[in-house]
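Please read them with the sequence and the coordinates open.

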Amino acid sequence: MKEWLCENGKVSKAVFLLIKFIDLVEEKEFIYDEIVDCYIKLDNNEKSEYWLDQKMRYLVE
């Protein structure tokens, strides 16, 4: 779904759905990667770094 949304110019919607989805999955690493990828596509370095940090915190837990 993320790919389709991104291809159709709805990257922000993809981020919204991924963030909602993150609490529903056990293995979150992939979701964090997808969120970071979306923010890179949006050219939002601050948010991509924030979510990369969240991923690192998740991996340390």
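**Notes on the predicted model**

1. Overall size. A compact globule of 61 residues would have a radius of gyration near 10 Å, and the chain, at 11 Å, agrees with that. The radius is taken over C-alpha atoms, and the globule rule is 2.2 Å times the number of residues to the power 0.38. Along the principal axes, the C-alpha atoms fill a box of roughly 35 × 25 × 15 Å.

2. Basis. This is a predicted model, in which local features need pLDDT of at least 70 and side-chain atom pairs count only at pLDDT 80 or more, while totals for chains, interfaces and linings use all residues. Residues are numbered from 1 along each chain as its sequence is written, and side-chain values use heavy atoms, with hydrogens and water left out.

3. Secondary structure. The chain has 4 helices and 0 strands, in the order α-α-α-α from the N terminus. Helices (H or I, at least four residues) and strands (E, at least two) are DSSP runs, numbered from the N terminus.

4. Of the 61 residues, 36% count as buried; buried means under 20% relative accessible area, exposed over 50%, and partly exposed in between, with a 1.4 Å probe and protein chains only. Among contacts (heavy atoms within 4.5 Å) with a separation of 6 or more, 41% are between residues 24 or more positions apart.

5. The α3/α4 pair. The axes of helix α3 (residues 29-41) and helix α4 (residues 45-60) come within 8 Å and cross at roughly 170 degrees, which makes α3 roughly antiparallel to α4. Axes here are lines fitted to C-alpha atoms, for helices over the stretch in contact, and angles run from 0 to 180 degrees between N-to-C directions. Under 35 degrees counts as roughly parallel, over 145 as roughly antiparallel, 65 to 115 as roughly perpendicular and the rest as oblique.

6. Residues of that contact. On the α3 side they are Glu29, Tyr32, Asp33, Ile35, Val36, Tyr39 and Ile40, and on the α4 side Lys47, Ser48, Trp51, Leu52, Gln54, Lys55, Tyr58 and Leu59. They divide into 9 nonpolar, 2 polar and 4 charged. In this scheme Ala, Val, Leu, Ile, Met, Phe, Trp, Tyr, Cys and Pro are nonpolar, Asp, Glu, Lys and Arg are charged, and the others, Gly among them, are polar.

7. Ser48. This residue of helix α4 is buried, with a relative accessible area of 7%. Leaving aside neighbours within four places in sequence, Ser48 is in contact with Val36, Tyr39 and Ile40.

8. Cysteines. How many disulfides does a search of the whole structure find? The search gives 0, where a disulfide is a pair of cysteine sulfur atoms within 2.5 Å. Cys6 is in no disulfide, and the nearest cysteine sulfur, that of Cys38, is 4.0 Å away. Cys38 is likewise in no disulfide. Cys6 is buried at a relative accessible area of 14%, and Cys38 is buried at 0%.

9. Loop residues. Asp43, in the loop between α3 and α4, has a positive phi of about 60 degrees although it is not a glycine. Asp43 is exposed, with a relative accessible area of 63%. In the loop between α2 (11-21) and α3 sits Asp23, which is exposed at 65% relative accessible area. The C-alpha atoms of Asp23 and Glu61 are separated by 15 Å, and the two residues are 38 apart along the chain.
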